[in-house]
Amino acid sequence: MTGVAFVLPNLRLGGQAELVRSASAEARRRGIAVTHVLPKTVALDDRAQLDRYRRETSLAGRLHHVLAIRGRLARLRSEARPWIVVPAPSLVPLALWLAPSGPVVVHFEHSGSEMSSVPHEILRGVTTNAVKMLLTHRTVSFGGRNDRIVMVAGTAAAVRRLQSQSPRATVFHLAQACDWDPPFPDPVDARARLGLPRGVPVVGYAGHLFATKGLATLLTAFRSLRERVRHVVLAIAASGEGALPSGTPEGVRTLGILDIPEFLRAIDVLALPYLNLSSTTLPPSLLLEALAVGVPIVTSALPDLKEVATDDEASFSPAGDAAALADALEVALTRGVDRDALAARQRTRTLALREQRASSPLWDHLASTWWS
């Protein structure tokens, strides 16, 4: 049958890679030939390689790969209709430039920009101001609707947000999970490699340092926590985007970009104190990854998050409430948790979710002859 080329135009290979893997498997199951149009150094099934690419490839290197992808698409046979996967609205013009036909599959990852109106802006069409979008990473107004754009949401709550903002949107729900398999790094070895002290409780935070991530709330809560929990440490694996709030308290270790499974195994509890999730349609990847390796989680009581994690896997506190966050962290640190049992239960759920994802109507829509 008609071949499909999967393309990741900006090569931030987090949720994009998972979406492409799922779509590729379903396309092949339907007898559709699949071609991955990726940088030569990237393999979708090699998580360590993807992480290394994300950390080490410069902007110039990524632009070079984008141009190479454009060339590879031009050399494909006409029946290989590209499905372009993009993680942010600012990349939509680039996706449309990469391939003049086929659907553009959009899911929104978290950004420092406020993007609650993104779906409305995108569905008004992508025709001009592409350079401005790419430079500012913000959406601008266009004109007319572009029916090639298909939006993917990882939670039912995100689907409702998209549909309320843009009733005419083409939106599909594709529940997310982390497919990591054990064995995972040994906690003692992981802590030693990261230079974290043995025998003391460690709260972990990983990701960008944007305000909406709630790091300022976490630092306030940590000051209170240190008065109650002796020698507790807050380990921050920062991505380099954004900045730490001023007045960082004693006991905070900033570690930079790390191997995430190793970091999660080295900590006792993961803090995800999001203030809101209005700028994303996917559950945070750190939440899914922590569930996969069996790490207790303290996070905000937001609909998207409560949809993904159960009360025995995560503690929920009101977003922005530092006192409640400190209380929840103290309980999580003092409560005994069988981390291997948590990971095994999540693995069972992930396998069931994989079957559910395979039956999503998204694949029927993308495989339809409407795109040919």
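**A walk through a predicted chain**

Ser-78 lies in the loop that joins α3 to β3 (81-86). The model that contains this residue is predicted. Is Ser-78 buried or exposed? Its relative accessibility is 73%, and because exposed means over 50%, Ser-78 counts as exposed. Its C-alpha atom is 9.2 Å from that of Thr-2, although 76 residues separate Ser-78 and Thr-2 in sequence.

Which residues of α3 are buried? They are Arg-62, His-65, Val-66, Ile-69 and Leu-73. These residues cover an arc of only 105° around the axis, and therefore they lie on the same side of α3. The other side of α3 carries exposed residues, namely Ala-60, His-64, Leu-67, Ala-74 and Arg-75.

Helix α8, residues 187-194, can be read in a similar way. Its buried residues include Ala-190, Arg-191 and Leu-194. Their arc around the axis is only 95°, which means that they sit on the same side of α8. The face turned away from the buried side of α8 holds the exposed residues Ala-192 and Arg-193. What do the buried residues of α8 pack against? Their partners are β7 and α10.

Helix α11 (285-293) is mostly covered, with 8 of its 9 residues buried. The buried residues are Leu-286, Leu-287, Leu-288, Glu-289, Ala-290, Leu-291, Ala-292 and Val-293. They pack against several elements, among them β7 (202-209), α10 (260-266) and β10. The other elements in this packing are β11 (297-300), α12 (303-308) and α14 (339-358). After α11 comes Gly-294, which has a positive phi near 80°.

Thr-281 has a relative accessible area of 5%, so it is buried.

Another loop residue is His-231, located between α9 (215-226) and β8 (233-242). Its phi is near 65°, which is a positive value in a residue other than glycine. With a relative accessibility of 49%, His-231 counts as partly exposed, because exposed requires over 50%.

Val-104 belongs to strand β4, residues 104-106. At 0% relative accessibility, Val-104 counts as buried. Setting aside its neighbours within four places in sequence, Val-104 is in contact with Ile-84, Val-86, Ala-95, Leu-96, Arg-148, Ile-149 and Val-150. The C-alpha atoms of Val-104 and Val-7 are separated by 9.7 Å, and these residues are 97 residues apart along the chain.

Val-171 is in strand β6, residues 171-173. Its relative accessibility is 14%, and it counts as buried, because buried means under 20%. When neighbours within four places in sequence are left aside, the contacts of Val-171 are Met-151, Ala-153, Val-159, Leu-162 and Gln-163. Val-171 and Val-105 are 66 residues apart along the chain, and their C-alpha atoms are 9.8 Å apart.

Side chains with rings can be checked too. The structure holds 0 aromatic pairs. The ring of Phe-316 has the charged end of Lys-306 over it, 5.4 Å from the ring centre.

The last step is to look at the whole chain. How many helices and strands does the protein chain have? There are 15 helices and 12 strands. The protein chain has 372 residues, and 55% of them count as buried. Of the contacts with a separation of 6 or more, 70% come from residues 24 or more positions apart. The protein chain exposes about 16000 Å², and carbon and sulfur atoms supply 53% of that area.

How values were computed: Residues are numbered from 1 along each chain as its sequence is written. Side-chain values use heavy atoms; hydrogens and water are left out. Rings of Phe, Tyr and Trp (its six-membered ring) pair if their centres lie within 6.5 Å; planes under 30 degrees apart count as stacked, over 60 as edge-to-face and the rest as tilted. A charge sits over a ring if NZ of Lys or CZ of Arg is within 6 Å of the ring centre and within 35 degrees of the ring normal. Helices (H or I, at least four residues) and strands (E, at least two) are DSSP runs, numbered from the N terminus. Buried means under 20% relative accessible area, exposed over 50%, partly exposed in between (1.4 Å probe, protein chains only). Contact means heavy atoms within 4.5 Å. Accessible areas come from the Shrake-Rupley method with a 1.4 Å probe; for residues, only the protein chains shown count as cover. The arc is that of the directions from the helix axis to the C-beta atoms.
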